[in-house]
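Good morning, and thank you for making time for this presentation. I would ask you to keep the sequence and the coordinates open while I speak.

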Amino acid sequence: MSSGKSIESMAAEFDRRNFDWYVDKFVQIIVFAAGISAIIFIIGIFVFITAEGLGFVLDDFSFKEFFLSPFWEPSDEDAPEYGILALIAGTASVTGLAMVVAIPFSLGAAVFIGEFASGKTRETLKILVELLAAIPSVVWGFIGLSIMNPLIIELFDVPVGLNVLNAGIILGLMAAPIMTSIAEDALKAVPDRYREAAEALGATRWQVIFKTVLPAAKNGLLGAVLLGVGRGFGETMAVLMATGHAVNIPHSLFDPVRALTATIAAELGETAVGSQHYQALFTIGIFLFLITFVINLTADLIVRGIRKG
Amino acid sequence: MFAQSSLNVRNKRVENLFRTLFLLMTILLIIPVVIILGTLVAKGGSSISIDFLFTDPTNGMTAGGIFPALLGTILIVAVALIASVPLGVAAAIYLNEYAGDNWFTRIIQLAIINLAGVPSIVHALFGVGAFVLFFGFGTSILAASLTLAIMTLPVVIVSTRESLRSVPQAFREACWNMGATRWQTIRRVVLPNAVSGILTGIILEVSRTAGETAPIMFTGAAFFLPFLPQSVFDQTMALSLHLFVVSTQVPGVPEGLPYGVALVLIGLVLLMNSISIAFRMYLRGKKKW
């Protein structure tokens, strides 16, 4: 009979809040803080680049001029002009060509590695693709500068080999391995019972891939392409070194261009902190941040949409 | 009865055609890179020697070695790791061991994906705005390393989470049943079983961090410095930026020099990646569950 004990003392007997319990709670708070750090950093990035670039946007800023003027002449002392149309055209043309190069090859390679190859061949190819993805962008830029440049001059008989073609191919080669592994993951996400069902109906390997696997992996593959576009869009060193870095709306593959990212990389070092030019570069940064944010978000929504369904 | 009909034959032919086509595409993807690497080795191999690695650049960087750049890269990577590894591992522990499958976790995952997807030059702008100016670190190793740490945080989080996930749930349940707390379980059972996988991810992060150029250009890496850094508040030279400088900014550099720098950088990165891959395969062969 528990006659003499109050409810409180009975509860206290069952209270297991010893030292280990407090350590456990403490650790939980720590790892939770670490867990949300990614959110804090993303918000932090947006806040800090906006803080530095805001002055430019608030101070007599015209959206029309910023986005539609092809003149980027920040060092003109009398009337500096900040139009990023030519820079957008530069980034778009190089990224576009890179995707023309990268999409067929990376999707083709993903299908071969994921669906045709097996055993040792598949392992070897996967490792090769992973190693290709690891080559630093400044090395790609150097390759564009020192290997592609003379090659293009010789092959096409043009005076300068640093142009849309050069940067597009370099960027395509850079983006392809990453797109290959994401696309291969998308193919892997298709359940094996789909393949087995198709095979049981007498389909050949190619029919299984073309009629069953590819349609089922459609969204994942689209996500891979989008992430590739995002990569190309944000690439800095390679396009800085291989495009020729001339503000120019390209009319042919052999025109030099200048990318949004490369402009920041090339000019930030020579501007005074807080100057109009400095703020304009941060405004480009805000634009880049928002674009890649939307691209990544869309890719994620597309990929996850199918996983749920 | 089982003779192949003409339809079978045609289907088989179509399959072989596409198989060859995709094989060709895979090879075409890899061949240019093999050629490029071959060219780098052919043109840069001769400039690499022990002297090249361990002496200072001379004559306005047109001669001599790359020692300050090599040392700077090692310093930047080391400081970046000190910042990002504990944070990334803790974040992965939260995501895998504590977080539920809900909208909040989803937002964290989106943030991680975006952190990995934000252009490197935007990370550089953030580094300038936050670490160099706001926190007052100036252009220093510390500012550059923190910028890189945030940029490569997703690499640590994703790879750590992957290796935590591969520890069977039954291990945790057995431990909980013995009356251990969550943290005791993580510390004594989950982490020891995942530590080699986490290490693989860290090696991968070293390779990523060492190769980045844009994020350190304005936050801590200098074109040229006549002295070595004395503390984390000093600037430093770095291998990746050095390659950019000697191949674009300095006139009169002999042809072999930038090839040599490129070869050292790419060698370092690929070596790290190969170690990481070899380690991963070794672990996969060893696992008993």
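Predicted model: local features only at pLDDT ≥ 70, side-chain atom pairs only at ≥ 80, totals over all residues.

Of the 289 residues in chain B, 50% are buried.

Read from the N terminus, the order of elements is α-α-β-β-α-α-α-α-α-α-α-α-α. The radius of gyration of chain B is 24 Å, whereas a compact globule of 289 residues would have one near 19 Å. Along the principal axes, the C-alpha atoms of chain B occupy a box of roughly 80 × 65 × 35 Å. Among contacts in chain B with a separation of 6 or more, 76% join residues 24 or more positions apart.

Now chain A. Here we have 13 helices and 2 strands. Chain A is more spread out than a compact globule, because its radius of gyration of 27 Å is well over the 19 Å that the globule rule gives for 309 residues. The corresponding box for the C-alpha atoms of chain A is roughly 100 × 65 × 35 Å along the principal axes. Buried residues account for 47% of the 309 residues in chain A. In chain A, 70% of the contacts with a separation of 6 or more are between residues 24 or more positions apart.

How do the two chains meet? The contact involves 74 residues from chain A and 70 residues from chain B. On the side of chain B that touches chain A, the most is given by helix α1 (residues 6-44) of chain B, with 17 residues. By class, that side of chain B comprises 50 nonpolar, 16 polar and 4 charged residues.

Helix α10 of chain B, residues 239-249, is mostly covered, with 9 of its 11 residues buried. The buried residues of α10(B) are L239(B), S240(B), L241(B), H242(B), L243(B), F244(B), V245(B), V246(B) and S247(B). Which elements cover them? From chain A, the cover includes α7 (137-156) and α11 (237-242). From chain B itself, it includes α3 (67-98), α8 (182-211), α9 (214-217) and α11 (256-286).

I turn next to helix packing within chain A. As a reminder, two packed helices are described by the angle between their axes and the distance between the axes.

The crossing of α7(A) past α8(A) is right-handed. On the α7(A) side, the residues are S137(A), W140(A), I143(A), G144(A), M148(A), N149(A) and I152(A), and they meet L165(A), N166(A), A167(A), I169(A), I170(A) and M174(A) in α8(A). By class, the residues of this contact of α7(A) with α8(A) are 9 nonpolar, 4 polar and no charged.

The second pair is α8(A) and helix α10 (residues 205-234) of chain A, with axes that come within 8 Å and cross at roughly 150°. These two helices, α8(A) and α10(A), are therefore roughly antiparallel to each other. Here too, α8(A) passes α10(A) in a right-handed crossing. Residues of α8(A) in this contact include L171(A), A175(A), I178(A) and M179(A), and those of α10(A) include V213(A), A217(A), G220(A) and R231(A). The contact of α8(A) with α10(A) divides into 14 nonpolar, 4 polar and 1 charged residues.

D157(A) lies in the loop between α7 and α8 of chain A. Its phi is near 55°, a positive value in a residue other than glycine. Is D157(A) buried or exposed? D157(A) counts as exposed, because it has 8 C-beta neighbours inside 10 Å.

H245(A) also has a positive phi, of about 55°, although it is not a glycine. H245(A) sits in the loop between α11 and α12 (260-267) of chain A. With 21 C-beta neighbours inside 10 Å, H245(A) counts as buried.

H277(A) belongs to helix α13 (residues 276-308) of chain A. H277(A) counts as partly exposed, because it has 17 C-beta neighbours inside 10 Å. Leaving aside residues up to four places away in sequence, H277(A) touches P74(A), P80(A) and T271(A). Between H277(A) and G53(A), the C-alpha to C-alpha distance is 9.7 Å, although they are 224 residues apart in sequence.

Key: Residues numbered from 1 in each chain as written. Chains lettered and ligands numbered in written order. Helix = DSSP H or I, 4+ residues; strand = E, 2+ residues; numbered from the N terminus. Rg over C-alpha atoms; globule rule 2.2 N^0.38 Å. Buried ≥ 20, exposed ≤ 12 C-beta atoms within 10 Å, placed from the backbone. Contact = placed C-beta atoms within 7 Å. Left-handed = near helix turned anticlockwise from the far one by under 90°. Nonpolar A, V, L, I, M, F, W, Y, C, P; charged D, E, K, R; others polar. Axes fitted to C-alpha atoms, helices over the stretch in contact; angles between N-to-C directions. Parallel < 35°, antiparallel > 145°, perpendicular 65-115°, else oblique.
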